[in-house]
Amino acid sequence: MARHVLVVVAVFWFATAEASQCSINGLPLVRNISELPQENYGRSGLSHTTIAGSVLHSMKEIEVWLQTFAPGSRTPIHRHSCEEIFVVLKGQGTLYLTPSSHSKYPGNPQEFHIFPNSTFHIPVNDVHQVWNTGEHEDLQVLVVISRPPVKVFMYDDWSMPHTAAKLKFPYYWDEECYQTTSRKDEL
């Protein structure tokens with residue numbers, strides 16, 4: 001019996017010893033979201049959890065995040081060359097969105113009220129911002145993006161020219177683990 005316990009402990013130790021923050025080795029297939037790492041990446045009021053990611057979990061087509069915004073907090077004004085889907089789990093806020101166009105800058109955004117159980121999508125390269133406009137409750141969203149890891153272009157304001165937008169790649173949650181080596185898609 002003691003020998004079996006020793007073997008189990010040794011196997012567990014080696015499996016977790018190989019695992020790192022940037023590796024899926026040792027990660028169980030089923031995980032508790034509340035036990036996954038959360039980070040704000042220097043942005044006050046943000047809590048970001050990568051549930052399934054390109055860099056951390058070797059996802060090739062999609063990435064899934066859980067993000068929580070404290071009252072008054074928001075994303076930067078930005079765009080990216082991928083589709084993005086939001087599901088609002090709790091709280092309320094405002095989506096600011098300018099459709100992709102051939103103009104030189106984003107222009108005045110349309111405003112959309114977002115609320116629990118609402119969903120919306122952001123088309124490729126549409127400039128947008130999500131803002132928790134609630135006074136007392138966090139805004140929590142489940143986010144799915146295509147074509148990870150995402151290249152984000154950030155704007156200082158809605159009148160900033162597209163050509164002046166600042167590229168952020170790899171994005172904050174991919175910085176530590178991103179490697180420039182290409183991954184093979186075939187078996």
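Me: Is D156 buried or exposed?
Reply: This is a predicted model, in which local features need pLDDT of at least 70, side-chain atom pairs count only at pLDDT 80 or more, and totals for chains, interfaces and linings use all residues. Residues are numbered from 1 along each chain as its sequence is written, and side-chain values use heavy atoms, leaving out hydrogens and water. Buried means under 20% relative accessible area, exposed over 50%, and partly exposed in between (1.4 Å probe, protein chains only). D156 has 56% relative accessibility, so it counts as exposed.

Me: Which residue forms a salt bridge with D156?
Reply: The structure holds one salt bridge, meaning a side-chain nitrogen of Lys or Arg within 4 Å of a carboxyl oxygen of Asp or Glu. Here the closest N and O atoms are 2.6 Å apart, and the partner of D156 is K166.

Me: How many residues apart in sequence are the parts that K166 and D156 tie together?
Reply: Strands are DSSP runs (E, at least two residues), as helices are (H or I, at least four), numbered from the N terminus. K166 lies in strand β11 (residues 166-168), while D156 is in the loop between β10 (152-155) and β11, so the separation in sequence is 10 residues.

Me: What is the relative accessibility of K166?
Reply: K166 counts as partly exposed, whereas D156 counts as exposed. The value for K166 is 43%.

Me: How many helices and strands does the chain have?
Reply: Let's read along the sequence: the pattern is α-β-α-β-β-β-β-β-β-β-β-β-β. That gives two helices and 11 strands.

Me: What is the angle between the planes of F86 and F120?
Reply: Rings of Phe, Tyr and Trp (its six-membered ring) pair if their centres lie within 6.5 Å, with planes under 30 degrees apart called stacked, over 60 edge-to-face and the rest tilted. A search of the whole structure finds two aromatic pairs. F86 and F120 form a stacked one, 4.6 Å centre to centre, with an angle between the planes of 10°.

Me: How many residues apart are F86 and F120?
Reply: F86 and F120 are both buried. F86 sits in strand β4 (residues 84-90) and F120 in strand β7 (residues 119-122), so this pair links distant parts of the chain. Their separation is 34 residues.

Me: Which ring does the charged end of R79 sit over?
Reply: A charge sits over a ring if NZ of Lys or CZ of Arg is within 6 Å of the ring centre and within 35 degrees of the ring normal. R74 lies over the face of W131, at 4.2 Å from the ring centre. For R79, the distance is 4.3 Å, and the ring belongs to F153.

Me: What is the largest C-alpha distance among the residues that cluster in space?
Reply: The UniProt annotation "binding site" (unreviewed entry) covers H78, H80, E84 and H128; such annotations may be inferred rather than shown by experiment. These residues spread over 51 residues of sequence, yet their largest C-alpha distance is 12.2 Å.

Me: What is the relative accessible area of H78?
Reply: H78 lies in strand β3 (residues 77-80). Beyond its neighbours within four places in sequence, H78 is in contact (heavy atoms within 4.5 Å) with residues including D126, H128 and F153. H78 is buried, with a relative accessible area of 9%.
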